[in-house]
Amino acid sequence: MRNKLHFIALVAVSLLLINCSNDKRLHRELVKMAHKLNKSAPARLDGHTLFLGADVTDNNVFQYRYQIINTPDPQSKMQAVEEQTRMNIREAFRMNPDLKIFTTNNVKIDYIYTDSLGQILKTIHITPNDYK
């Protein structure tokens, strides 16, 4: 009985160490991706959208940061932006092999939109169910 308990404890500790190692590896890869994107930031995407950069949280949530510009009412753009984002998300993940790290690891994604003063207008949360 005692040997079984030792074996179970050893397996549990091993699984925990493997999971922590995988989380750290994933975090490093996501941070590298964000850093690569940030080299091109800020970047104007269209007449009303500025890409500010990308970040990764401690929980491996990948965050894209945008600013709505050139409009007196930036909040009015958010409904259309969210609809467009949700419509395009599956196609983007299907077509872009660089995004496989997200699908393989069930990474959550946040698209964070701010106004010209840096106030958050909307955060669009994307879960693996949205892109798989």
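Author: A polar contact is a pair of N or O atoms within 3.5 Å, in which, within protein, one must be able to donate a hydrogen and the other to accept it. In this predicted model, the side chains of Arg65 and Asp55 are joined by such a contact, at 2.6 Å.

Reader: Which other residues is Arg65 in contact with, leaving aside its neighbours within four places in sequence?

Author: Besides Asp55, the list for Arg65 comprises Leu50, Phe51, Leu52, Gly53, Ala54 and Ile112. Arg65 itself lies in strand β3, which covers residues 62–68. As for Ala41, it is 24 residues from Arg65 in sequence, and the two C-alpha atoms are 10.0 Å apart in space.

Reader: Is Arg65 buried, exposed or partly exposed?

Author: The cut-offs decide: buried means under 20% relative accessible area, and exposed means over 50%. Arg65 has a relative accessible area of 27%, so it is partly exposed. Thr49, by contrast, has a value of 10% and is therefore buried.

Reader: Where is Thr49 found, and which residues does Thr49 touch beyond four places away in sequence?

Author: Thr49 belongs to strand β2, residues 49–56. The residues that Thr49 touches are Ala43, Arg44, Tyr66, Gln67, Ile68, Ile69 and Tyr113.

Reader: How should I read the way in which strands are joined?

Author: Strands of a sheet pair through backbone hydrogen bonds, either parallel or antiparallel. Here β3 and strand β4 (residues 109–114) run parallel and are joined by six bridges. Within this pair, Phe62 has Ile109 of β4 as its bridge partner.

Reader: What is the order of the strands in the sheet?

Author: The open sheet has five strands in the order β1-β2-β3-β4-β5, and its pairing is mixed. Its edge strands, β1 (43–46) and β5 (120–126), each pair on one side only. On average, neighbouring strands of this sheet are turned by 30° against each other, direction ignored. Helix α2, residues 78–95, packs on the sheet and touches β3, β4 and β5. The direction of helix α2 makes about 25° with that of β5.

Reader: How many helices and strands does the chain have, and what pattern does the chain follow along the sequence?

Author: There are four helices and five strands, arranged along the sequence as α-β-β-β-α-α-β-β-α. Of the 132 residues in the chain, 31% are buried. The chain exposes about 9,100 Å², of which carbon and sulfur atoms supply 56%.

Methods:
Residues numbered from 1 in each chain as written. Predicted model: local features only at pLDDT ≥ 70, side-chain atom pairs only at ≥ 80, totals over all residues. Heavy atoms only, no water. Helix = DSSP H or I, 4+ residues; strand = E, 2+ residues; numbered from the N terminus. Buried < 20%, exposed > 50% of the residue type's maximum accessible area, 1.4 Å probe, protein only. Contact = heavy atoms within 4.5 Å. Areas by Shrake-Rupley, 256 points an atom, 1.4 Å probe, with all protein chains shown as cover. Pairing = 2+ DSSP bridges. Axes fitted to C-alpha atoms, helices over the stretch in contact; angles between N-to-C directions.
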